[in-house]
Amino acid sequence: MSLRLNDTVLLGNHHMDHDGFSDKSEREAHDDWDTTANENGGRLTEESDMDQSDELSPGSQATAYTEQSTEEMAEAGEASQVETVSEENKGLIWGLLKQLRPGMDLSKVVLPTFILEPRSFLDKLSDYYYHANLLSQAALEESAYGRIKQVLRWYLSGFYKKPKGLKKPYNPILGETFRCCWLHPERESCTFYIAEQVSHHPPISAFYVCNRKDGFSISGSILAKSKFYGNSLSAILEGKARLLFLSREEEYVITMPYAHCKGILYGTMTLELGGKVTIECEKTKCLTELEFKLKPFLGGSCSVNQISGKIFVGEELLATVDGHWDGEVFIHEKRSGLQETLWNPSPDVRSSRLKRQVVHIDQQGEYESERLWQHVTSAIMDRDQVRATQEKYVLEEAQRREAKERGDKLWSPRLFQQDPVTSEWTYKHMDVRPWDPERCLVQFEKDGVIQTHEKTQRRHNGLSYSHSWACQQKAEVNGKHRKASSQPSSCSQNTESSSTTPEPTHESSDNEEFSNHCARCTKELKDIALIEASITSIQKTQQDIQRNLVALSRQLTHQRAADDSMSLTGRHCLILCVLLLSQFLLNYVFT
């Protein structure tokens, strides 16, 4: 694979030493993340390593990524969503069904390995970002309506990639992590994806996506629930994703459909998507409502995977949407009356999508998805269900043992933290500052921490940081020169013997003054660095306070609306009582 120079910087050096995930456990690496990234607010600057080199190159520090070699993708339509169960596997299903009751939560039920997709749920959540370049284009749209149309187009691009047959990804182990990225050749940028399983009961997966250069980030968490209904079951994904356009400070709140499997006891086992979802921006008053429709009982092949929706700006309906979520989707403009294709995953679109870059399994930590599940995956690919079940049992038993050893002690995730007000999970090293091309050089990832390499143009007392390093080097050279000139020659010995108090030379006094000046500069620069670190910490605290205030404001608004409705109901009751009394009075008078 050939990469541009900028891509090589983004992906690091493939001959570099293994990163913190490989040469030590993630728990040990967690301490390193806090000391390297948190102190700089998720950014890496030249001054933070000014003692090591004049120019800090991320190539020697960034995680080495390689292009993903294999990928499974089914064709569009119902045929790829149907599973034919063998007689042997039917026996396993019947044995499983005997343990279930209608309405039961399946999160604690051990499922047979033949229905497993050989990858983790954390990996599957990354399917939405193979077309992240659509978000790059959305950030450049001038109109709010144009932006939400582009956001909807990106949202639809995450559904056509599906496995063959009825498959379910692995339930992530507590503390499991996954990371990958996509290069944007046209923009010479990179979209990074980080995910972690932050809770096991209930099962919650947190994720963070960022491309500061293209001006967007996504943060969210998913609580996976499963319900059994007799001949069908549903996998419900509770939670929200928050898409943020950095330079516009616009946040789009996005929900997810549920997966529905029918035909478990009788009929053909088929997987569909259903439910109503929304994409909403409070700042621009833009709202998209989508409905994923289940196939009706008497429906034909055209009624499979149907989707319909509406786009509002304020109270005005601007467009309607219809089509198939794994195929072509059309948009009907209300003002112009025109119809056009909003999204179509044609063969050309699929072949030209962004290439996903992954970490080689040899450089992954023991809790990274591919390495953690490698033996289960190998057995499934070899169609060895017995070995797959055994390897899966080993992981589950290790998780139970760790939970028992942990006791009542709360689990602390490595990369995410829970907001005390909203209870939502956020990335610890989030950096939502707009990209500054005059200062920001490149964004990269190391040990699960997404960072930005920045250049420094600051000056203090007429001296820049680079000039300070030059001062230090010149002082060292002058020091060596003085040391060499201090060796007495024959001429100097004669002079010294004739005079016991020789006159100091102008050169030595100049050198001492220059050295003292550079020492003062170095001390002042260190003071500036401490002040900047304090300012960054204060700014982060202000952002947290602002986010909490917004959440409290929303809660107060909802509470006031509820109070208003209650008071309105009270007035209605009062009016009703007055009318009833009037009626009784009239009946009494006229009778």
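Lys225 is partly exposed, at 30% relative accessibility. Here buried means under 20% relative accessible area, exposed means over 50%, and partly exposed lies in between (1.4 Å probe, protein chains only). Lys225 pairs with Glu238 in a salt bridge, with the closest N and O atoms 3.3 Å apart. This is a predicted model, where local features need pLDDT of at least 70, side-chain atom pairs count only at pLDDT 80 or more, and totals for chains, interfaces and linings use all residues. Residues are numbered from 1 along each chain as its sequence is written, and side-chain values use heavy atoms, with hydrogens and water left out.

**The chain overall**

- The protein chain has 13 helices and 25 strands. Helices (H or I, at least four residues) and strands (E, at least two) are DSSP runs, numbered from the N terminus.
- Of the 591 residues in the protein chain, 43% are buried.
- Take the contacts between residues at least 6 apart in sequence: 63% of them join residues at least 24 apart. A contact means heavy atoms within 4.5 Å.
- The accessible surface of the chain is about 32,200 Å². Carbon and sulfur atoms hold 55% of that surface. Accessible areas come from the Shrake-Rupley method with a 1.4 Å probe; for residues, only the protein chains shown count as cover.

**Salt bridges**

- The count comes to 25 salt bridges. Each one is a side-chain nitrogen of Lys or Arg within 4 Å of a carboxyl oxygen of Asp or Glu.
- Back to the opening pair: Glu238 forms a salt bridge with Lys225. The two link distant parts of the chain, 13 residues apart, with Glu238 in strand β10 (residues 232-245) and Lys225 in strand β9. Glu238 is partly exposed, at 36% relative accessible area.
- Arg242 and Glu251 also meet through their side chains, at 3.1 Å from N to O. Arg242 is buried, at 15%, whereas Glu251 is partly exposed, at 28%.
- Arg439 bridges to Glu454, with the closest N and O atoms 2.9 Å apart. Arg439 lies in the loop between β21 (425-427) and β22 (440-446) and Glu454 in strand β23, so the pair ties together parts 15 residues apart in sequence. Arg439 is buried, with a relative accessible area of 17%. Glu454 is buried too, at 1%.
- One network of salt bridges links Glu117, Arg119, Asp123, Lys124, Asp127, Lys161 and Arg356.

**Cavities**

- There are 4 cavities of 30 Å³ or more. On a 1 Å grid over the protein atoms alone, a cavity is a set of points where a 1.4 Å probe fits but cannot get out; lining residues have an atom within 4 Å of a point. Grid points are joined across faces, edges and corners, and a volume is the space filled by probe spheres set on the points.
- The largest cavity has a volume of about 130 Å³. Its lining includes Tyr128, Trp154, Phe207, Ile222 and Met256. Helix α6 (144-156) and strand β9 (216-228) each supply at least two lining residues.
- By class, the lining of the largest cavity has 12 nonpolar, no polar and no charged residues. Ala, Val, Leu, Ile, Met, Phe, Trp, Tyr, Cys and Pro count as nonpolar, Asp, Glu, Lys and Arg as charged, and the others, Gly among them, as polar.
- The second largest cavity has a volume of about 40 Å³. Its lining has 11 residues, and Cys210, His429, Asp431, Gln443 and Ile450 lie nearest its centre.
- Strands β8 (204-211) and β23 (449-454) each give at least two residues to the lining of the second largest cavity. The largest share, 3 residues, comes from β23.
- The lining of the second largest cavity divides into 5 nonpolar, 5 polar and 1 charged.

**A helix and a loop**

- Helix α5 (residues 133-140) has these buried residues: Leu134, Leu135, Ser136, Ala138 and Ala139. They pack against α6, β6 (177-184), β9, β10 and β18 (339-343).
- Glu315 sits in the loop between β15 (306-313) and β16 (316-324). Glu315 is exposed, with a relative accessible area of 80%.
- The C-alpha atoms of Glu315 and Leu287 are separated by 9.4 Å, and the two residues are 28 apart along the chain.

Key:
1 Å grid on protein atoms, 1.4 Å probe; cavity = no way out; pocket = protein on both sides within 12 Å on 5 of 7 lines; lining within 4 Å.
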